[in-house]
Amino acid sequence: MTAALVAGLLAGYGIAVPVGAVATHLVSLTARTSLRTGVSAALGVATADGLYALAAVLGGSALATALLPVLEPLRWASALVLAVLAVRGVLSALRDYRDRRPVGRAAETPQGVGRAYLGLLGITLLNPTTVVYFTALVLGGSAGTSVTPLEQGVFVLAALAASASWQLLLAGGGALLGRVLTGRRGRLVTSLVSGAVILALALRMALGSS
């Protein structure tokens, strides 16, 4: 049981900690909106990680084999979605700066929070790296051993908790960044830098680099 818990925590942090396009978007989104929106988006990312961990545990090698033909389309779809988000964020920041809109946070609504959750959930689910990562861990860790359903459940929940804790930390950093860069120019610069980083990472993903 302890081994499954530790393995799940390490797996969750292993996939969550490396800062990629999704993490960059999460921080930028929180900085532009509010901690509430960032927390919702962070939980969307963690949910996707948890679902992939569950799928990897239940599917094992069959899942890895089934996904091989669609990994390339998934990578391109993920890169396209991230590129669209980056361009949209930059255009929105330019429009706000040009129109001299107030720097206060926009009023948050349950619909906006829900959209943030579903948006980050979808982006993360499109990332084939996550499912390949978890499948490799499960196959490697369970080779020659018998894993009980309880241990599988502990592994999945631990991976979910680890991912959630890291994503919430990123959201908190985004909220702090948003408070520091309260001026119109500061927000514009932040959005432009974030957009450039996300576009670069999306291009790298599309080209299949890792």
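Trainee: Buried means under 20% relative accessible area, exposed over 50%, partly exposed in between, with a 1.4 Å probe and protein chains only. So which is Ser163, buried or exposed?

Mentor: Ser163 is buried, because its relative accessibility is 0%. Before going on: this is a predicted model, where local features need pLDDT of at least 70 and side-chain atom pairs count only at pLDDT 80 or more, while totals for chains, interfaces and linings use all residues. Numbering runs from 1 along each chain as its sequence is written, and side-chain values use heavy atoms, without hydrogens or water.

Trainee: Fine. Where does Ser163 sit?

Mentor: In helix H7. Helices here are DSSP runs (H or I, at least four residues), as are strands (E, at least two), numbered from the N terminus.

Trainee: And what is Ser163 in contact with, if we skip its neighbours within four places in sequence?

Mentor: Gly12, Ala16, Val45, Ala46 and Asp49. Contact is heavy atoms within 4.5 Å.

Trainee: Stepping back, how many helices and strands does the chain have?

Mentor: Eight helices and zero strands. Going along the sequence, the pattern reads α-α-α-α-α-α-α-α.

Trainee: How much of the chain is buried?

Mentor: Of its 210 residues, 40% are buried.

Trainee: What share of the contacts comes from residues 24 or more positions apart?

Mentor: 92%, counting contacts in the chain with a separation of 6 or more.

Trainee: OK, cores. In the largest nonpolar core, which residues touch the most other members?

Mentor: Val22, Leu26, Leu29, Ala41, Leu82, Leu120 and Ile198, out of 19 residues in that core. A nonpolar core is a set of buried Ala, Val, Leu, Ile, Met, Phe, Trp, Tyr and Cys residues joined through side-chain atoms within 4.5 Å.

Trainee: Which helices supply at least two residues of this core?

Mentor: Helix H2 (21-32), helix H3 (35-67), H4, H5, helix H7 (149-180) and H8 each do. H2 gives the most to this core, five residues.

Trainee: Now the loops. Where is Thr33 found?

Mentor: In the loop between H2 and H3.

Trainee: Why does Thr33 count as buried?

Mentor: Because its relative accessibility is 17%.

Trainee: And Leu126, where is that?

Mentor: Also in a loop: Leu126 is found between helix H5 (110-125) and helix H6 (128-142). Leu126 has a relative accessible area of 23%, so it is partly exposed.

Trainee: How many residues separate Leu126 from Ala48 along the chain, and what is the C-alpha separation?

Mentor: They are 78 residues apart along the chain, and their C-alpha atoms are separated by 9.3 Å.

Trainee: Last one. Where does Leu199 lie?

Mentor: Leu199 lies in helix H8. Its relative accessible area is 37%, so Leu199 is partly exposed.
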